[in-house]
Amino acid sequence: MRSSIAVLAVLAVVGLLVFGLVSKGSSGVAVGDPAPDGPLPRLEGGGDGSLADYRGQWVLVNFWASWCVPCKDEAPALEKFQRQHGGPRFTVLGIDSRDLSSDGREFVRRYGLSYPQLRDGDGGAAHDYGTTGVPENYLVDPTGKVQWLLRGPVDEQYLHDEVAPFLPEGKS
Amino acid sequence: MKGRLVLLAFVALAALAPAAAAEQRASLIEIEKQVMCPVCGTLLQLAESPQAQREKAFIRRLIAKGKTEAQIKDALVAEYGDEVLALPQGSGFSLSAYVVPIVAFVVAVIALAIGVMRWRRAGDGKGEEGGPDVGPQGDDADRLDADLARYDL
């Protein structure tokens, strides 16, 4: 009886340690994995939105924050790419992560970003994707699987060379 | 006349006191010690990252608007979630952060007390039977007696 209690206690401690490791550590999504698509508040306009709302389209998920300098650098390139390719078959989807909502909205206005924006204030979505910082970019196919990712900023040339070839011909 | 002036001074002080108290309630230095920089994973007080600077500016703006410490912390939770608080809230699931260590301590004390009581009882039981015989046994005892016999003690 006494030994079984000791075994149970040891198992409980080991279980807690494993839970701690699993819940803290996240290897992140990889190419071929389903992209996390939980609901998030919209940065502007109220209500919730989700990656799942764009099922059937290619989506370039862009994690960013207003305090992040590389995010400022890549924002114009993303907006230009959206204007070139955005449509019923493709969109950029911004996710403002661990940022003040007022700062995020100001950022969107300053850079004239026309693509949809969600808000990830507590970093939960960033954790689900396993991001290591901002910016990070994930190209999700119409079935919801990640087809390409970049843990860092993109620029015009990179988007043209790496992302555009995935998209359907012509304006998506 | 003098009495009225004194009375007016008291009234003015009474009116100003709540404002002064409210100002004391919300202080950037105090709030920085109680909230986290979500990106850095450290107390805001220790963080100097760009995100931390924005968070500090946000707190300063709310202080300037006359918000209390509790209101500012609520606003930070609304922006960054519960994890922005350095100490868990004392309600809901977060309450377990306070309750579990207390329960664990009480259980440990009870277990220790039971262990000590059993140990003492076991010791008393052996005492009644004359205690453990730690002297040499059998051949060893005979050899010891023979050795001792050689000495005139």
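## Around helix α2 of chain A

The buried residues of α2(A) are covered by elements of chain A that include β3 (58–64), β4 (90–97) and α5 (156–163). Helices (DSSP runs of H or I, at least four residues) and strands (runs of E, at least two) are numbered from the N terminus. A residue is buried if 20 or more other C-beta atoms lie within 10 Å of its own, exposed if 12 or fewer, and partly exposed in between, with C-beta atoms placed from the backbone. The model is predicted: local features need pLDDT of at least 70 and side-chain atom pairs count only at pLDDT 80 or more, while totals for chains, interfaces and linings use all residues. Residues are numbered from 1 along each chain as its sequence is written, and chains are lettered from A and ligands numbered from 1 in the order in which they are written.

**The two chains**

Two residues are in contact if their C-beta atoms, placed from the backbone, lie within 7 Å.

From the N terminus, chain A runs α-β-β-β-α-β-α-β-α-β-β-α. Chain B runs α-α-β-β-α-α-α-α. Along the principal axes, the C-alpha atoms of chain A fill a box of roughly 70 × 35 × 30 Å.

**Helix α2(A)**

Helix α2(A) covers residues 69–85, 17 residues in total. From first C-alpha to last, α2(A) reaches 25 Å, close to the expected 24 Å. That expected span is 1.5 Å times one less than the number of residues. The helix has a kink of about 35° at Ala75(A), shortly before the proline Pro76(A). The bend at a residue is the angle between axes fitted to the seven residues ending there and the seven starting there. Ala75(A) is also among the buried residues of α2(A), which include Cys71(A), Leu78(A) and Phe81(A).

Is β3(A) largely enclosed or open? Seven of its seven residues are buried, so β3(A) is largely enclosed by the rest of the structure. Both faces are covered. Trp58(A), Leu60(A), Asn62(A) and Trp64(A) lie on one side, with Val59(A), Val61(A) and Phe63(A) on the other.

Strands pair if DSSP finds at least two bridges between them. Seven bridges join β3(A) to β4(A), and the two run parallel. The chain goes from β3(A) through α2(A) to β4(A) in a right-handed β-α-β crossover. With the strands pointing away from the viewer, a right-handed path from the first strand over the helix to the second runs clockwise.

Strand β6(A), residues 136–140, pairs with β3(A) in the antiparallel sense over five bridges. Val59(A) stands opposite Thr91(A) in β4(A) and opposite Val140(A) in β6(A).

**Gly124(A)**

Gly124(A) lies in helix α4(A), residues 124–129. Gly124(A) is partly exposed, with 16 other C-beta atoms within 10 Å. Arg98(A) is 26 residues away in sequence and 9.0 Å away in space, C-alpha to C-alpha.

**Where the chains meet**

The contact takes nine residues from chain A and ten from chain B. On the side of chain B that touches chain A, α3(B), residues 50–64, and α4(B), residues 69–80, each supply at least two residues.
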